[in-house]
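Student: I am new to this structure and would like to understand the words used for it. Could we go through them together?

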Amino acid sequence: MKRKINIHEIDAIFFDFDGVLTNNKVIIDSSGKEHVTCSRSDGLAFKVFHKLKINCFILSSEKNSVVTHRSKKLKIKALKGINNKKKTLVKFVNEKNYNLNRTVYVGNDLNDYNAMSLCKYKICPKDSHKQIKDLSNIILQSKGGEGVAREIVENIFSLNLLNILYNE
């Protein structure tokens, strides 16, 4: 299921972290520190969003500082440790004066379902939970952590990274 979205019709894009910007796996070292895998290709996607002044946020139930570190590197705000994503999304959208009919939610698992259902555009990675796939307008070819944001930029918004980032 593929659809194109006009980037100029978007107020904000909300990304879940684990399973969307990561491959949904965790490595725990002998000291108990957690490590996750993210796609570097998503970094260029977020540079495009930043350059085009598209509001992007991470909305995560994860409390680990890895979310904060990745969001700082991507230069986007992270709302982490969220137990009720729907309630947080509604409050945040109202505070920022965004319109839910102009928002994108990218999620992969059941804890995204209620928040995701509020947004006009619902996008999920290929390896998402079945109920999230059923809810989504767009199911990506990418799996979580394998360039989800990059696929959205290039294939869903039809943006040319080369022209936007490197041809002035």
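Tutor: Gladly! Let us begin with pairing: two strands pair if DSSP finds at least two bridges between them. Keep in mind that this is a predicted model.

Student: What makes strand β4 (residues 55-59) and β5 a pair?

Tutor: Pairing needs at least two bridges, and β4 and β5 have 3 bridges, in the parallel sense. β4 and β5 therefore count as a pair. Within this pairing, F57 stands opposite K77 in β5.

Student: How do you know that β7 pairs with β6 and with β8?

Tutor: The same test works, with at least two bridges required. Strand β6 (residues 103-106) is joined to β7 by 3 bridges, and β7 is joined to strand β8 (residues 138-139) by 2 bridges. Both pairings run parallel. As examples, V104 has Y121 of β7 as its bridge partner, and C124 has I139 of β8.

Student: How does the chain get from β6 to β7?

Tutor: The chain passes through helix α4 (residues 113-118), making a right-handed β-α-β crossover. Another right-handed β-α-β unit is made by β7, helix α5 (residues 130-135) and β8.

Student: What is the order of the strands in the sheet, and why are β5 and β8 called edges?

Tutor: The open sheet has 6 strands in the order β5-β4-β1-β6-β7-β8, with parallel pairing. β5 (77-79) and β8 each have a single partner strand, so one side of each has no neighbour in the sheet.

Student: Which way do the residues of β7 point?

Tutor: Y121 and I123 point one way from β7 (residues 121-124), while K122 and C124 point the other way; all are buried.

Student: Why is S71 called buried?

Tutor: Buried means under 20% relative accessible area. S71 has 4% relative accessibility, so S71 counts as buried. S71 lies in helix α2 (residues 65-74) and touches I58, I76 and A78, leaving aside residues up to four places away in sequence. S71 and F57 are 14 residues apart in sequence, and their C-alpha atoms are 8.4 Å apart in space.

Key:
Residues are numbered from 1 along each chain as its sequence is written. This is a predicted model: local features need pLDDT of at least 70, side-chain atom pairs count only at pLDDT 80 or more; totals for chains, interfaces and linings use all residues. Side-chain values use heavy atoms; hydrogens and water are left out. Buried means under 20% relative accessible area, exposed over 50%, partly exposed in between (1.4 Å probe, protein chains only). Helices (H or I, at least four residues) and strands (E, at least two) are DSSP runs, numbered from the N terminus. A crossover is right-handed if, with the strands pointing away from the viewer, the path from the first strand over the helix to the second runs clockwise. Contact means heavy atoms within 4.5 Å.
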